[in-house]
Structures are given as structure tokens and as C-alpha cells.
Amino acid sequence: MSMFGNLGRFGVTIRPTHARNKAIRALNSLPAHVQKDIGWPASPLNDPQAALTSLLLGTPR
């Protein structure tokens, strides 16, 4: 398989994951009362994974 074929398969795999993570970041950035209204579980303020993610990624894009 050529290099471009491998890149294409990689892109097909990564695209839905990226879109899902982007949607999760957008929902997590909503105010708590809006998250509650739409049924999204509120993000815990002291979640170590959330703290690491915000440290690595910075503000939502």
C-alpha cells in the first residue's frame, strides 16, 4: 500500500474521533445550567483529567 493510502486510512479513522472530541469540548464549555437543561452531565470542577486536558489544550478553540 502506498504512503497516500495509509494517510487516507489514518484520516478516515481520525476524523470522527476529532469531531466527537470537538463536540464534547463545546458541550463542556457551556454554562452548568445549560448543560443541565440539555441533559449533559455537568463537568466536575476538580476532575484531574479535565485539568490535564485544559492544561495541554488551553482554551477551547
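The expected span of a helix is taken as 1.5 Å times one less than its number of residues, and helices themselves are DSSP runs of H or I with at least four residues, strands being runs of E with at least two, numbered from the N terminus. This is a predicted model, in which local features need a pLDDT of at least 70 and side-chain atom pairs count only at 80 or more, while totals for chains, interfaces and linings use all residues. Residues are numbered from 1 along each chain as its sequence is written, and side-chain values use heavy atoms, with hydrogens and water left out.

The protein chain contains three helices and zero strands. Helix H1, residues 3–28, has 26 residues and reaches 37 Å from its first C-alpha to its last, close to the 38 Å expected.

Confidence is given by pLDDT, the predictor's score for each residue from 0 to 100; the protein chain averages 80, and 80% of the residues score at least 70.

Of the 61 residues, 2% count as buried, where buried means under 20% relative accessible area, exposed over 50% and partly exposed in between, with a 1.4 Å probe and protein chains only. Gln-35, which is found in helix H2, is buried, with a relative accessible area of 2%. A polar atom of the Gln-35 side chain lies 3.0 Å from the backbone oxygen of Asn-28.

Notes:
Polar contact = N/O pair within 3.5 Å; in protein donor to acceptor, adjacent residues only side chain to side chain.
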